[in-house]
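The sequence and the structure are shown first, and the description follows.

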Amino acid sequence: MPTPIRRAALALLVCCALVIGTAACGGDDEAGGGASPTSSAEKQKFAKTRFVANAGLAAGATYQWIVKPYRAGKFKKGADGQKVALVKAGLAGAFAYNRLKAASNNAKGDPLLSKAVAPITAGIESLKGLGTKLRKGQANESDVGAFEDVITNIKNAGKSAGAEVKDKVPSATQLSGG
């Protein structure tokens, strides 16, 4: 293949990759950025998919960095790795709250899902300050239980609406907002 044709093919390949990469990078669920579905059927399908993804990340973060370390005694004063566990738990708490709020907003796009999730929104709101409480080491069994209860309720609501939620553990980079 002559050099000018290679260059043209490479340029075309790079342009396609950039266009695809840019199109794949959507905005925040709550900001309304990115491509939007046009028909009501598409809106419902995307709402369930986004709900499952966001609720799964919240569930995974809660279990991995809040429930498991708490049960292992990592939050107790003098425990090995206590400070790191508390910081991760605080980040996970804030992350889980954020993803649960996004999941709640996603549920509004599907009639069945919105009815199932509506009673849980007060429970989600009650988690607002727990991330800070966890990070400062002020959380107790009832605080950890509150996260578990909300996650269980959101999973049950999703399942009843045909959107089964499975735990998906986010990376440490996702937790820190990077």
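## Overall architecture

In this report, a helix is a DSSP run of H or I that holds at least four residues, and helices are numbered from the N terminus. The model described here is a predicted one. Its secondary structure consists of 8 helices and 0 strands, and along the sequence the pattern reads α-α-α-α-α-α-α-α.

The protein has 178 residues, of which 34% count as buried. Its accessible surface amounts to about 10,500 Å², and carbon and sulfur atoms contribute 58% of that surface. Among the contacts with a separation of 6 or more, 76% are between residues 24 or more positions apart.

Gln 82 is placed in helix H3. Is this residue, Gln 82, buried or exposed? Gln 82 has a relative accessible area of 19%; because the limit for a buried residue is under 20%, Gln 82 counts as buried. A polar atom of the Gln 82 side chain lies 3.2 Å from the backbone oxygen of Phe 75. Once neighbours within four places in sequence are set aside, Gln 82 is in contact with Lys 74, Phe 75, Lys 76 and Lys 77.

Helix H3 covers residues 82-107, and Lys 108 lies in the loop between H3 and helix H4 (111-117). Lys 108 counts as exposed, since its relative accessibility is 61%. From Lys 108 to Ala 118 there are 10 residues in sequence, and the C-alpha atoms of the two are 8.7 Å apart in space.

## Helix H7

Helix H7 comprises 20 residues, 141-160. From its first C-alpha to its last, H7 reaches 28 Å, which is close to the 28 Å expected at 1.5 Å a residue. After H7 comes Gly 162, which has a positive phi near 85°.

Which residues of H7 are buried? They are Asp 143, Val 144, Gly 145, Phe 147, Val 150, Ile 151, Ile 154, Ala 157 and Gly 158.

## Salt bridges between helices

Side chains of opposite charge can pair when their charged atoms come close. In the whole structure, a search finds 4 salt bridges. One of them is formed by the side chains of Arg 71 and Glu 148, with an N to O distance of 2.6 Å. Arg 71 belongs to helix H2 (residues 40-71) and Glu 148 to helix H7, so this pair ties together parts that are 77 residues apart in sequence. Arg 71 counts as exposed at 59% relative accessibility, whereas Glu 148 counts as partly exposed at 24%.

Another salt bridge joins Glu 125 and Lys 101, whose closest N and O atoms are 2.6 Å apart. Glu 125 is in helix H5 (residues 121-125) and Lys 101 is in helix H3, so the pair ties together parts 24 residues apart in sequence. Glu 125 is partly exposed, with 34% relative accessibility, and Lys 101 is partly exposed as well, with a relative accessible area of 29%. A further salt bridge brings together the side chains of Asp 143 and Lys 133, at 3.2 Å from N to O. This pair links distant parts of the chain, 10 residues apart, with Asp 143 in helix H7 and Lys 133 in helix H6 (residues 130-135). Asp 143 is buried, with a relative accessible area of 10%, while Lys 133 counts as partly exposed at 29% relative accessibility.

## The loop between H7 and H8

Pro 170 is located in the loop between H7 and helix H8 (172-175). Why does Pro 170 count as buried? Its relative accessible area is 2%, and buried means under 20%.

With which residues is Pro 170 in contact, leaving aside its neighbours within four places in sequence? The contacts of Pro 170 are with Leu 57, Gly 60, Ala 61, Trp 65, Phe 95 and Leu 175. Pro 170 and Thr 62 are 108 residues apart along the chain, and their C-alpha atoms are separated by 9.9 Å.

Conventions. Residues numbered from 1 in each chain as written. Predicted model: local features only at pLDDT ≥ 70, side-chain atom pairs only at ≥ 80, totals over all residues. Heavy atoms only, no water. Helix = DSSP H or I, 4+ residues; strand = E, 2+ residues; numbered from the N terminus. Buried < 20%, exposed > 50% of the residue type's maximum accessible area, 1.4 Å probe, protein only. Polar contact = N/O pair within 3.5 Å; in protein donor to acceptor, adjacent residues only side chain to side chain. Contact = heavy atoms within 4.5 Å. Expected span 1.5 Å × (residues − 1). Areas by Shrake-Rupley, 256 points an atom, 1.4 Å probe, with all protein chains shown as cover.
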